[in-house]
Amino acid sequence: MKIYKEIEDPTIFQVNREPERSYFIPYASLADALANFKSLSPFYKLLNGTWAFKFFEYAKSVQDASFASDADLAQWDHLPVPSNWQLFGYDKPVYTNVNYPYPVDPPYVPDKNPSGIYATETLIPESWADKQIFINFEGVNACFYLYINGTYTGYSQGSHLPSEFNISRFIKPGSMNRITVQVIKWCDGSYLEDQDFFRLSGIFRDVYLLARQREHIRDYYIKPDLDSAYRNGYVDIDVDFTGQKQDILCKIFDPDGKEILSQAIENETLHLEIACPVKWNAEQPLLYTAVFICRDEYISQRFGFRKIEISGQAALLINGVPVKLKGVNRHDTHPDLGHCTPYKSIEEDLIKMKQANMNTIRTAHYPNAPAFLELCDQFGFYVVEEADLEMHGFNTAHPEERYMCYEAGSPAQQVEWQDAYLDRARRMVERYKNNTSIIMWSLGNESGYGKNHDAMSDWIKKRDRTRLIHYEGAHLVDDPDSVDVCSRMYPFIHEVEAEAAKKDKRPFFLCEYSHAMGNGPGDVHDYWQVIYEHPRLIGGCIWEWADHTIKTEKNGSMIYGYGGDFGEVVHDGNFCMDGLVFPDRTPSPGYYEVKAVYQNAAFKLVDDHKIQIINRFDFTNLNEYKIICQLQVDAKITNVCELDKVDIEPHKSIIITMPFKLPEYCYLGAYLNLSVVSKKEAPGCESGSEIASAQLELPVPTRKKQYFPRLFAPVVVHKPADGQFMTISGESFQYRFNCLIGHFDSLIFNGTEMLAAPPKIDIYRAPTDNDRNIKKQWYAYGEADWHTGSPHNYNTIQEKVYAITLIGHDKNWVEIAVSGSLCPVGRYPLIKYTASYTVCACGEIIVHFSGNVRENALYLPRFGYEFALKTGLEQVEYFGRGPYENYIDMSHFAKIGHYHTTVTNEYVPYPRPQEHGNHTDVKMTAVYDKTGMGMLFKTSEKYEMAVSHFKAHDLERASHHSDLVPRPETYIRIDYKNGGIGSGSCMVDLLEQYQLNDKKIEYQFTLMPGSIEPFPPIEWAKY
């Protein structure tokens, strides 16, 4: 039986692995090196493809015969490389956030430790016979042993870090060679890789061969800088050479591809001065190219001139300019490929981020593939590059749940783990030291704090003095000098304001804030109102970019699987569904909110005729964009103009005169719509793309139209002797009021019944993921809740009718008043109210609600009426904020207008079904069938509205879309208010101003069954 001593010894994390170095591919010509397409290189051979594969439940059960050069691969299975074996039926995916999915007993790992054996054969060109041959693995989880032609070659661990081996003495050029890799699921290094993601195994990044001259450039370090005036640049280049020294020529090309310098490198160092270079920043990512020429090898490296500093006000400076980091956290995740993220997938992510006005990415929580950093350099992103280090599970390993900081039991404090920590820091820094986009090195995530973090910081600072050191966990020990940036996760906004006032000379960075889980996030705007005000607050990164999930089958349907869908014992449910984009990268409504908050142009109405335009770019004049202005009156665009040359320097503002003459009055509202559009193509942004927008409500008086004088048949009231029902009829309608429940239970118009069930007054909404904590106070779910007496039982609301009164009646109207209460089961009445229903001769019903909420009541999820309408009412038309769902704290992207949609399309496919589809500032809604017959709602003020084919309890009970069956009826909510969304999934309380905490509720709306022809609903709303 093979002894795997390496996997349980923290002092052994590699055997025969080459020293870490920069990422590069050597080419055979200058043109190919400048083009930088790897496939052009005759010295590069990609080994991705289908490999033979054998799976073992126990690594120790693997026989040596599997590694033999003549092992019969015909009997093996096959697996694509790169990939994760769990996605192909071997073992099962496990999603856990904090807890380790095995006992916490470092450095030991479970005896049942699955292993996958990979094998492939490749022809080594005869032309490589006199070269040094290296094999490179960009990512293997969690550790692996390498065999070349049956001979053991080396070992490595560190899942998201590169491993390179010199295999020259094992290779036979001119013939087929067998490469065999044993990957083991768990090793002692797994204790350092407890990231919040699916635990997946295998070779998940590229594998390739490199052929090098025996004397070759092993590594290089390009260190561009700017003088104190940020005018002139200089470059220091260090070259590490293997073998007997050879002549090295360095050529420098400017961003336009023009050669500006050619100079020999002597003594492995070179100092270059470049007058007035163009500078790199995230808005203008202009890159120079260095090409090193040595014998037959040409190596290219793009780099930019940028200088990172901290101002006297603790602001982050790029090239002397204070910048704000508008960021997001990003995992490697793909619904079909797991941790394998192809180039096109990475590129798609970055383009969508750029389109959302993001300028910063934190590589949560490990280094990404080289292609990611190359694209960040080119597209223009500030990158917080994070070490492959997380030990969150040590928090919950203690029954009392606490972080292990300077405790002796923590690997962060133990000397035998120090080299493993340093290995992860060195391999990260050396690999990506030449990538301009990286502005901070991060020591990892949620790993307590210890001496080994100090050692990582010390080594990095000695190696690279041009970037900042970040580690959020340093706050556990009061932010020692090991970090250059103070950082926090999910602080309350008042805590952020307190940080801004501190005298600490280091910037303050929110490495994680505003949790985008499910419906949300709802507090981005509030954070940024504070961030913009204070130099020390340099911005932050939202958690996170994409829902990470695995596509799987459930009950015959394909679903996005999350924790618990694969039979795991330890898992964290759908906590991995926390992205701004869905697994297929379709933007969620939260994405559009973030885009609006992060946008670099802002507009304010100064007075009735003046507009302030604010340029929030750091380096770009707004004259590079055009501003399109629209005057919108009563849902119609009445005038359009274009501001083509608005000259505003970065961080400046101007005031312009209103470009339109305002109308004397309007009926529904007058607005100025503004759109900032690109004039030219830029990385991630096509010409004509909208990069910012706003809608300003204009001070135009509103009035109501008067109804044309028309005589309707008198309103007739019939009240049977039993008193249960009251029938109210008119020219085209017959309504029935049920006195037992205090609601209409039938609304017949022109012989057609519009109701599928009586309406109800309710406060319930299906919990969002961001309600995951407050819902435990709102709602009671099981026997334990009833016994504890802690929940407010809002999901058990019952209506109680105290009295019904016919207030008045003549030929033109009848008014009914209901006094009643809403009361949760087992609790005191929550709301006592009076509701009046006035039926007019035209068929309109005016609803007026007035209620008082119990003083000590917890804030409500929502409040309003819900109507169950008949089958077939699919078309929806409304005047309010749209087109996407929006909430009181998540509506900065939504514009008031006249929208058309369908009930089906209003469903938002969050991987776990939940509350969705809300619209704020609504004045009119029409829901109708193909003939135009339906139900109309309006108000002279505003209400919130949502339509659906699902009841709220349907959504709450469902785990996935496949659990939902749309109901034929249409459900519409006409709400007084719906509570905010917030970021409560990460323990951040909903801000008070977004809580539905009103103790007095009063609102009014009008409803009417009828046809949208010949009187369009938008016109009806004007009366």
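**Note on the predicted model**

1. Overall size comes first. The protein has a radius of gyration of 33 Å, taken over C-alpha atoms. The globule rule is 2.2 Å times the number of residues to the power 0.38. Along its principal axes, the C-alpha trace spans about 110 × 65 × 55 Å.

2. A word on the basis. This is a predicted model: local features need pLDDT of at least 70, side-chain atom pairs count only at pLDDT 80 or more, and totals for chains, interfaces and linings use all residues. Residues are numbered from 1 along each chain as its sequence is written, and side-chain values use heavy atoms, with hydrogens and water left out.

3. Next, secondary structure. The protein has 13 helices and 59 strands. These are DSSP runs, numbered from the N terminus: helices are H or I with at least four residues, strands are E with at least two.

4. Contact means heavy atoms within 4.5 Å. Among contacts between residues at least 6 apart in sequence, 72% join residues at least 24 apart.

5. T180 sits in strand β12, residues 176-184. T180 counts as buried because its relative accessibility is 0%. Leaving aside neighbours within four places in sequence, T180 is in contact with S66, F67, I117, Y118, A119, Y145, L146 and Y147.

Key: Buried means under 20% relative accessible area, exposed over 50%, partly exposed in between (1.4 Å probe, protein chains only).
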